[in-house]
Amino acid sequence: MITAERKEFDEIRQMTDPHENVLVAGCNTCVAVCLTGGEKEAEQLAQQLRIARNHDGIKGKVEAVTVLRQCENEYLDSISEQVERADIVLSTACSIGPQGLVFRYPAKRVAPAMNTNMMGYVKEHHVWTEYCAACGSCLIAATGGICPVARCAKTLLNGPCGGSQNGRCEISPEVPCAWQEIYDRLAALGDLDTLKRIVGPKKWNLSNSGGPRTMKKEGFEP
Amino acid sequence: MANQTATLRSFSRPVPGDELRRPPCEVACPIRTDAQRYIQLVAEGRSAEALAVVRKTNPLPQVIGRICPHPCEDACRRGQVDEPIAICNLKRVASDGAKAAELGFKPPKAAFTTGKKVVIIGSGPSGLAAAHDLALMGVQPVVFEKQPEAGGFLRSGILSYRLPKNILDEDIDYIRGMGVEIKTGVRVGEDVDFSDLAQEFDAVLIAVGLSESRSLPVPGAGLPQVLLAVPYLEAVNAGRPVPELGKEIIVIGGGNVAIDVARSARRLTGGKVTMVCLEADYEMPAHSWEIEDATAEGIGIICSQGPNAIIGEDRVEGLQVKKCESVFDGQGRFAPKFCETELSLISGDTVIIAIGQMSNLAFLPDTGPDINERGILIFDREQCTTTRRGVFAGGEVVTGPGAAVNALASGKRAAIAIAHYLGVAVDFPEEPVAIGEVPAAVAEKVKPAPRRKMPARPAGGRLQDFNEVELGLTEVEARCEASRCLLCTAGARYSQLKCIACLTCVRVCPYGAPWADKDGLGGISPERCQACGICFTQCPAKAIDLTLLSENDIEREIGVALANESGDVEFGCWYSQSRVEPEAGLVLLPCTGRLSAGLILNAFEQGAGKVYVAVCSESEDGHFIHGHRQARAAVAEAQKAIEEAGLGPESIEVRLEPELKCKKI
């Protein structure tokens, strides 16, 4: 899922303090599952803002509302009354949420409460690990099912590099070397021959490097 | 908290309607007392509110809190962990505590009146229960009692060492206070005519109980020293002398009435008292604790012997008995088989026959209601009706002998039937379904805690008088006992609609209660849930709340606590029975592990100056697994939030629970 972490409270204050009525908009999908921006967190952030603003004598109301997904028109439309009441909407969704709000409510000021960081896998409770960089042309069939684009610090398509030390990446002893993992896995499967084939140049234009992407699913259109 | 991701379980989903299922104690109770709720209130030291919960279904709370054979305790799921909760004793604590606080004894009045009048014949438990419930439904009951005082067998049959008369009086006075008229010393069929009553009133309830003793067709039964249980108990209870009593008393019978007869005879005479019954010791119909009490008071019990003849010319000299080989036939029916040649003699100078009771229906006219060939009132068990329109029946006259609480249930059902007949929009309540047993893997994780024993007077001292034997649990002991409750069905309440299938609850629950399948459909097993609240604090979508003390309830309690002068709040733990900041307003939680950071922030939003959180030591789990860790995590999160918000970090303080007043539950 998409993971996002809440910004420092001071930064959130700077964005919202100039405005009287604040709506904290939660999103109950990815950021809820990663325990940072769902209904509970949105309400807690609103509580915290109320306490702080009350302490500093800032006028206005802070309320919270959460929709199932902020990346869809219909869900955003369902909170129009709350949005109208607010001078600024503070979204706890990934960055798609506040931008969706901007698209749907062009006259409204919108601010992000979160820093969106990655698409992660939940290896254990409370821990997310980046597994996908949304490059647009998946090549993990050639790399033992392990993505070097997301998981190799250098995005090497034919690794490893000389910085692989005892299975770890040179950027941090915490980070496993993706190419070591690829090698170990292919060895275990008896598929090391796979590595004899050089992966050719990648179509980076399919990734974000090719400019903003749009996806369209062909089929029934009402 | 589990640092691992969870395994999706493949066990079958709990039956639909989990949220409608009830604690087994409540389902086992004939009058469906919400025992768990009042136990929780006792645990919090809120006796008056506990009594109010008891009173919702129980018209005789003080009486039943003393004499009930408590089928609830047999069903109690704590019994699957160690020993059942002392539910009956805690009911007594509720009323004793409320009485000491002078609360909970003001009789209510019906919100409206129908103008209908019902006559109830008999003021025993079933008659009183019907009167109580009818009064609440706006129907005016008038109760007729042949004895000089109300209470039926509760007064004439149960001795004051088990049920003090003033306690019975208080419960009856409460019912009188509701506007129920009780006419004592009036015999229907002699002083007033049944048909006249049926004409004058809109409905009649026959609740005359079983007021006559059965005798025995054995030689010698006519001797003057042969007494019957009911008139004997009536005399003892009324304080009248029983001159026939000698020094060596034989009581025939093995039921609870026989035990009462024996124990009272032992008190009155100080002599030798022996019970003789057909049943083997394991078959005796008396409750095990009654048998223990009797034995402790020096009463002998001779089992598997049937009376053959009472020996003596003009005075009783003994009882000849024959060996009873079996009491019941293959179908479980009463059909005793004797060995006629194996005779023996029990010496004695008095025999009291306590082998069962029957009703006296001689007051009924020929015009009905009808009686069958065995002399039993013809009765519709479902509708509580007799063969005569407008005449209903309830209690032991139709159910046969049993516990007082069963008579209450029967009377309450009759009250509904009558009210319905009179046009009140009521119906019989739906039968609740209980949750299942505690899975062994969960039982292992429940912190052991012994059942608190009811203190009683020593056998030697109590034989000197008829004062109450059981002394009542102390408040601290009662709160500890109540805190043993497993909070069946009072725990996590899950909303499938709000659930985002994130699996957080499945991962954090120490008891494995939440479950999810591959489609993300899930639920929380009420059998496994211990109501610790960890899932509630962690659910990111607010799809989980708690039945007992929901988030809204706790927020309201915070508001109440803040009415305190100090302006501070303590989140306390009801398992510890102690305070960490006695000056602060108290929000008592079953474990502070159910605190979310949001609830702590809510206290500040409501104006708290300072928040104290009672937490147990890090070295050991308290009542719940991980409770103290969750509490500390919530405090840390809230502390960070309020510091960021500009409040001082000293605004929140975690304090270890100080030395406990009683052993930790």
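Let me begin with one residue, B:I600, which, leaving aside residues up to four places away in sequence, touches B:L595, B:V611, B:A634, B:V635, B:A638 and B:I652. Please keep in mind throughout that what we are looking at is a predicted model.

As general background, nonpolar side chains in soluble globular proteins tend to be buried together.

Let me turn now to how the two chains meet. Here 24 residues of chain B are in contact with 22 residues of chain A. On the chain B side, the elements that give two or more residues are α19 (504-508), α22 (597-605) and α23 (627-644), and of the residues on that side, the largest share, six residues, comes from α22(B). Sorted by class, the side of chain B that touches chain A has 13 nonpolar, seven polar and four charged residues.

Finally, a word on the partner. Chain A is divided into domain 1, covering 2-118, and domain 2, covering 133-199, and the C-alpha centres of these two domains of chain A lie 38 Å apart.

Methods:
Residues numbered from 1 in each chain as written. Chains lettered and ligands numbered in written order. Predicted model: local features only at pLDDT ≥ 70, side-chain atom pairs only at ≥ 80, totals over all residues. Contact = placed C-beta atoms within 7 Å. Helix = DSSP H or I, 4+ residues; strand = E, 2+ residues; numbered from the N terminus. Nonpolar A, V, L, I, M, F, W, Y, C, P; charged D, E, K, R; others polar. Domains from an automatic or database assignment.
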